[in-house]
Amino acid sequence: MPLLQVLEAILFSTDIPLSAGKLAEIVGLDSTKPIKQTIEDLNALYDQRQAAYRIEERAGGYQLLTLPQYAQYIERLVRKKDEGRLTPASLEALAIVAYKQPLTRAGVEVIRGVACGEVLRSLMEHNLVKIVGRRRRNRPPMLYGTTRYFLEVFGLANLKDLPKADALKEPK
């Protein structure tokens, strides 16, 4: 089977990003170089025929995604559940964790100025934040960091893709 079609079928079939290494393993290759080249070739084909999708790098892997200009149509198909939405407090805590990780709950509370145990628990339930370690070997406090799913949700290849903090604007 041609690698082009095999990769396209795999990426079409998954809803999570797959690393070049995982893709190479699935197709039985020892190197990721042909995988990366084939992904470039596929994207060139998609561009050439003005496809509504392309392969993007997300969370350390590759994923077949619809282009942003079609989002309004996809949203009509896939109704977002209200219970899946984050509160402003959750988004604020998530931003703090994303930019300052790893940090303790107390560290988040110092920055936010309010208790945030429930907010962190909610972020963990949404799989956006996880416990990444402990500050000391003897008992808590726990250190929090973002998950791979966080990168997927926010369309980031890695944490270096976060906007620079000094470029962010104060909310009105």
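A salt bridge here is a side-chain nitrogen of Lys or Arg within 4 Å of a carboxyl oxygen of Asp or Glu. The structure, a predicted model, holds 6 of them, and this tour visits several.

**Colour by confidence.** The mean pLDDT of the protein is 89, with 91% of residues at 70 or more. Among the elements, helix α3 (residues 33–48) has the highest mean, 97, while helix α4 (residues 71–77) has the lowest, 81.

**Select D47, R54 and E56.** These three residues are linked in a network of salt bridges. Look at the D47 and R54 side chains: they meet with N to O at 3.3 Å. R54 counts as partly exposed because its relative accessibility is 22%.

**Now move to Q63.** You will find Q63 in strand β2 (residues 61–66). Leaving aside residues up to four places away in sequence, Q63 touches R54 and E56 from your last stop, along with L11, D15, I16, P17, I55 and R58. Zoom in on D15: its backbone oxygen lies 3.0 Å from a polar atom of the Q63 side chain. Is Q63 buried or exposed? With 12% relative accessibility, Q63 counts as buried.

**Next, helix α6 (residues 105–112).** Show R105 and E109, which form a salt bridge with their closest N and O atoms 3.7 Å apart. The two residues are 4 apart in this helix, so about one helical turn separates them. R105 is partly exposed, at 42%.

**Finish at helix α7 (residues 117–125).** Here the side chains of R121 and E118 meet in a salt bridge, N to O at 2.8 Å. They sit 3 residues apart, again about one helical turn. R121 is partly exposed at 44%, whereas E118, at 56%, counts as exposed.

Terms used:
Residues numbered from 1 in each chain as written. Predicted model: local features only at pLDDT ≥ 70, side-chain atom pairs only at ≥ 80, totals over all residues. Heavy atoms only, no water. Buried < 20%, exposed > 50% of the residue type's maximum accessible area, 1.4 Å probe, protein only. Polar contact = N/O pair within 3.5 Å; in protein donor to acceptor, adjacent residues only side chain to side chain. Contact = heavy atoms within 4.5 Å. pLDDT = per-residue confidence, 0-100.
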